[in-house]
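Dear colleague,

Please find below the structure that I am handing over to you. A short account of the findings follows it.

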Amino acid sequence: MLPRRLPRDYITQRNLRLAIISAFLIVVIGFFAYQFKFLRAPELVIHEPAEDRMVSDGSFEVRGQTDPDADLTLNGRPLYSGDTGDFSERIYLVKGVNRLEFEARNRYGKMAKVVRYLIYR
């Protein structure tokens with residue numbers, strides 16, 4: 001069975017112009033949605049601790065990076081991230097397992113979350 005061809009009356013100047021305008025609007029809206037971060041959560045990268053680990057010192061320097069306009073918390077407590085989104089803070093550990101929950105939330109309510117565990121012995 002051969003595929004059907006579209007009737008010549010269907011491909012008109014009006015329909016072609018409408019298709020081009022629609023494609024242009026979709027590209028423009030997609031670009032602005034991406035740029036203004038409507039659709040995505042803020043980026044959150046934890047450099048230190050890069051993974052769960054065991055430590056022998058009672059204090060630890062956490063470091064990382066997030067979007068500059070994101071609100072950042074560590075275990076519910078706000079952390080300051082500079083103009084570039086870099087953050088660094090010394091935390092004090094308790095004996096045993098310490099759970100570090102990093103959350104970055106942008107102004108549109110999108111959230112990124114990273115959890116690390118440090119075992120202090």
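Leaving aside its neighbours within four places in sequence, with which residues is Leu44 in contact? In this predicted model, those residues are Gln65, Thr66, Leu72, Phe87, Phe102, Glu103, Ala104, Ala112, Lys113 and Val114.

Leu44 also stands out in the largest nonpolar core, which has 19 residues: Leu44 and Phe102 touch the most other members. At least two residues of this core come from each of strand 1 (44-48), strand 3 (59-66), strand 4 (71-74), strand 6 (86-92), strand 7 (96-105) and strand 8 (111-120). The most is given by strand 8, which contributes four residues. As general background, nonpolar side chains in soluble globular proteins tend to be buried together.

Strand 3 and strand 6 pair over seven bridges in the antiparallel sense, and Val62 stands opposite Glu89 in strand 6.

Another open sheet consists of five strands in the order 2-8-7-4-5, and its pairing is mixed. Its edges are strand 2 (53-55) and strand 5 (77-79), each of which pairs on one side only. On average, neighbouring strands of this sheet are turned by 30° against each other, direction ignored. Three bridges join strand 4 and strand 5 in the antiparallel sense; Leu72 has Leu79 in strand 5 as its bridge partner.

With kind regards

How values were computed: Residues are numbered from 1 along each chain as its sequence is written. This is a predicted model: local features need pLDDT of at least 70, side-chain atom pairs count only at pLDDT 80 or more; totals for chains, interfaces and linings use all residues. Side-chain values use heavy atoms; hydrogens and water are left out. A nonpolar core is a set of buried Ala, Val, Leu, Ile, Met, Phe, Trp, Tyr and Cys residues joined through side-chain atoms within 4.5 Å. Buried means under 20% relative accessible area, exposed over 50%, partly exposed in between (1.4 Å probe, protein chains only). Contact means heavy atoms within 4.5 Å. Two strands pair if DSSP finds at least two bridges between them. Axes are lines fitted to C-alpha atoms, for helices over the stretch in contact, and angles run from 0 to 180 degrees between N-to-C directions.
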